[in-house]
Amino acid sequence: MPVMRDVYYAELESSLGTLSFGCDGDGRLLELNFGPSAAGAPMDDRRCEHVKDQLAAYLEGKRTTFDLALAPAGTPFQRRVWKGLTDIPYGQVISYGELARRIGMPGAARAVGQANGANPIPIGYGSAR
């Protein structure tokens, strides 16, 4: 059974449009969405201010890495794939097969692609914690 967590949302107007993101009570980034937060979602810029600041700097070209605590919800395999994404340097592109090899599962390229598609933080994962 999934653990229920309180999620606090904030938004950032950017060149990509509105980005909304959710943080837990400890300020860890849980999700990032392209578009506004859902109606009625609890908004709390204080809990997510560090995320907003770093995203703004990234989108302005002033930052290439993040120093954010991440806590996306997913299966152990998905979290393993997402952790592997954090090791890809800014500007580098690799295949799903290469990522599968790097996480020690060389035959799992298709599953890595599916996990990547389910990634709740689909931007700038490299060098995040």
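Contact here means heavy atoms within 4.5 Å. The model is predicted, so local features need pLDDT of at least 70 and side-chain atom pairs count only at pLDDT 80 or more, while totals for chains, interfaces and linings use all residues. Residues are numbered from 1 along each chain as its sequence is written, and side-chain values use heavy atoms, with hydrogens and water left out.

**View 1. Surroundings of Leu29.** Leaving aside residues up to four places away in sequence, Leu29 touches Phe21, Gly22, Val51, Leu68, Ala69, Leu70, Ala71, Pro72 and Ile121.

**View 2. The nonpolar cores.** A nonpolar core is a set of buried Ala, Val, Leu, Ile, Met, Phe, Trp, Tyr and Cys residues joined through side-chain atoms within 4.5 Å. Buried means under 20% relative accessible area, exposed over 50%, and partly exposed in between, with a 1.4 Å probe and protein chains only. The largest core has 16 residues, of which Phe21, Leu29, Leu32, Val51, Leu55 and Leu68 touch the most other members. At least two residues of this core come from each of β1, β2, β3 and α1; α1 gives the largest share, 4 residues. Another core, of 9 residues, lies apart from it and includes Val81, Leu85, Ile103 and Val112.

View 3. Helices (H or I, at least four residues) and strands (E, at least two) are DSSP runs numbered from the N terminus. Two strands pair if DSSP finds at least two bridges between them. The open sheet has 3 strands in the order β1-β2-β3, with antiparallel pairing. Its edge strands, β1 and β3 (29-34), each pair on one side only. Antiparallel β1 and β2 are joined by 7 bridges, and Tyr8 has Cys23 in β2 as its bridge partner. Helix α1 (residues 45-59) packs on the sheet and touches β1, β2 and β3; its direction makes about 25 degrees with that of β1. Axes are lines fitted to C-alpha atoms, for helices over the stretch in contact, and angles run from 0 to 180 degrees between N-to-C directions.

**View 4. The crossing of α2 and α4.** The axes of α2 (residues 76-86) and α4 (residues 109-117) come within 9 Å and cross at roughly 85 degrees. The two helices are therefore roughly perpendicular to each other, a term for angles of 65 to 115 degrees. Phe77, Gln78, Val81, Trp82 and Leu85 in α2 meet Ala111, Val112, Ala115 and Asn116 in α4.

**View 5. The loop at Ser15.** Ser15 lies in the loop between β1 (8-14) and β2 (17-23). Ser15 counts as exposed because its relative accessibility is 68%.

Definitions and conventions: Parallel < 35°, antiparallel > 145°, perpendicular 65-115°, else oblique.
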